[in-house]
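Here's a quick walk through one protein model. Have the structure open as you read.

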Amino acid sequence: MEITGVGEAAQFMEVSIRGIDTALRLTGNFVGWSLEQLCRLAKLIISQIERGKKQPEHLHIGEMRLDKMLSYSANMGNETLLMQIDEELTDDFVQFCKDNNLSYSFLYDCNKADGYKEIAYNEDQAAAFGVFIRKHSPKARAYSWNDYMENATEADFLEMEQEMSKDIRKQVERAYSSDRVKSFSDLKQKSEYMSVITIPSDQYAEFASFAETDQVDHTLLMEQNDQLSIAVTDLDYDKLDPYLKGISADKQSLAEFLTEHFDFVPDASMMETAKKGSNVDINMEKDRMVKLDTRQLTEINEYAAKIRIQYQGDEAFVNIPLDMVYADQNLNQLSIMFPSKEQFHVVEEAAYTEQIDGQSRSILQRPIATLTGAELTECAITQRSVYEERRQALQAEHVKMADLFVNTPYDAVEHPIEPVPVHTPENIFIQPDRPTMHSADKQADRSMIQSDRARSHATDRYSNLGKSDMDITIDESLVYDENDRAVQTRIPGTWGENIRFLWIPKRDIQYIHGDQTILTRLEPDKVYTIYNADGVVAQHMKGSDLRSKHYDAIDKSVRKRAENKSISGRSNVRKKAVKNNYSRSRR
């Protein structure tokens with residue numbers, strides 16, 4: 001489903017350029033290379049990929065695309081080494097790699113007239129490839145990236161230029177235009193807090209000059225519809241803000257950028273950075289922590305939270321970094337601070353995903369307005385008041401119903417609001433009683449609260465019984481469905497496309513903690529069936545592995561208390577499971 005102007009091929013190339021750029025800058029071979037040399041090599045690699053898109057490559061067993069080989073080496077912290085072999089040895093080489101389970105990549109064949117092929121491989125397999133080189137010397141020999149580039153002829157580079165589209169060539173050249181253009185990994189080494197600025201593509205030359213003069217490191221994220229998006233760190237905000245004001249541009253959080261560009265494919269490191277937020281300075285006189293109703297948190301994904309607000313008399317939403325949401329001691333409330341100096345986009349979309357023909361599709365988040373943090377605070381408080389009015393009306397209705405059936409005055413009875421289950425991945429929220437202002441080095445002290453794993457509440461009476469090797473507890477918010485024989489529960493720590501479910505037989509269930517928690521057990525050697533969101537078997541896992549990877553260890557006292565409660569004559573209530581229809585994270 002094509003929603004934006006970024007097609008599949010353009011998206012593929014965008015990701016490839018970022019991956020190759022990261023690999024070239026991280027892999028040790030290229031230390032000391034000039035930007036021009038890196039640019040020419042990147043063009044050779046990209047042109048090889050584009051050729052493969054037009055004429056699909058037929059890879060042998062163990063053979064990898066060159067961009068994948070470079071990225072693999074960079075992720076491993078190894079160098080990507082080269083060797084050169086006589087074309088006559090090609091079949092022998094392929095068979096040798098197959099027999100020894102080796103990975104390799106054939107490079108763009110520079111100087112085809114020399115009768116040799118160049119091959120890249122990872123440093124950790126150098127010993128095995130050394131055996132082949134020694135066996136077939138002098139028709140096989142060690143090679144270097146300098147040798148490879150020096151062996152390339154002008155005809156090779158001309159052919160390479162013709163293989164690449166004009167737009168892709170411009171992107172590659174821009175990526176290596178200045179020492180201030182960094183890979184995202186390099187930029188993250190400088191600071192873990194980032195924002196995104198978006199400017200017209202034809203203004204980049206002016207921005208690049210400014211960045212060079214003021215030493216503003218940045219990463220080029222994507223170009224779309226003649227607009228260029230650039231990541232910058234919080235350490236350069238003081239330099240950037242006056243410049244952006246002069247060109248009437250604003251910063252936005254990386255999390256907000258990603259929700260509005262789901263065709264941009266972030267890796268795990270980028271999502272972790274997006275979750276942390278922008279680290280915009282707090283105004284001690286204007287900014288304050290506000291308490292919102294949990295029902296205003298409509299959905300979360302790996303890095304963002306969608307908050308419901310009132311905007312111009314209607315419900316609307318904002319997408320904010322996940323770490324801006326704080327847990328509150330009142331389970332019906334969340335604490336959030338919207339810095340007055342930060343800008344936020346208002347959107348109409350209430351979710352990140354939708355179901356179409358049984359498949360989850362990302363929903364394009366379309367900004368309809370931009371609010372300052374101060375304006376957003378008022379809009380969020382207005383929405384909280386709407387929920388408060390509904391709650392009061394509901395309580396008044398309860399009073400009328402209670403008068404019909406009981407003589408006890410309503411005010412003498414506790415009527416807690418049912419908390420909305422907030423489905424959170426592990427370690428999302430941070431304690432509200434921790435410092436919220438960034439210190440001088442802009443590193444916030446953020447300790448995590450308890451996750452959605454099952455919780456045990458041991459009392460002094462049974463405090464020294466030790467940990468159970470089979471029992472687990474499951475919070476009611478993890479219950480999704482039931483039938484006559486079993487209850488469907490989400491396995492903690494599984495989300496989005498990787499969400500997994502476990503069906504638990506009702507005969508093995510006890511309800512504890514005021515019927516808010518399921519107590520059951522996993523047999524260590526029993527193999528359990530795990531299902532995906534479509535009810536299809538996803539995998540099988542032994543009880544011991546399932547328990548250790550996804551559930552917290554609980555004290556034996558939990559089971560002991562439950563048994564003693566039953567013995568003393570208090571019934572073990574069988575509570576009907578409520579199907580959980582809360583949105584899941586975007587895929």
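## A buried threonine

Let's start with Thr489, which sits in strand β21 (residues 486–490); helices (H or I, at least four residues) and strands (E, at least two) are DSSP runs, numbered from the N terminus. Thr489 is buried, with a relative accessible area of 0%. For the cut-offs, buried means under 20% relative accessible area, exposed over 50% and partly exposed in between, using a 1.4 Å probe and protein chains only.

What does Thr489 touch, leaving aside residues up to four places away in sequence? The list is Ile474, Leu478, Val479, Arg500, Phe501, Leu502 and Ile504, where contact means heavy atoms within 4.5 Å.

Residues are numbered from 1 along each chain as its sequence is written, and side-chain values use heavy atoms, with hydrogens and water left out.

The protein's average pLDDT (the predictor's confidence in each residue, from 0 to 100) is 77, and 76% of the residues score at least 70. Where pLDDT is low, the predicted coordinates should not be read in detail.

Which residues of helix α5 (residues 126–136) are buried? They are Phe129, Gly130, Phe132, Ile133 and His136. They sit on the same side of α5 because they cover an arc of only 160 degrees around the axis, taken from the directions from the helix axis to the C-beta atoms. An α-helix has 3.6 residues a turn, so residues three or four places apart point the same way.

Over on the other side of α5, Ala127, Arg134 and Lys135 are exposed. The cover over the buried residues of α5 includes β1 (80–86), α4 (90–99), β3 (116–122) and β4 (140–143).

## A three-stranded sheet

An open sheet of 3 strands runs in the order β9-β14-β13, with antiparallel pairing; two strands pair if DSSP finds at least two bridges between them. At the edges are β9 (290–293) and β13 (325–327), each pairing on one side only.

Strand β14 (residues 333–336) is joined to β13 by 3 bridges.

Note on methods
Predicted model: local features only at pLDDT ≥ 70, side-chain atom pairs only at ≥ 80, totals over all residues.
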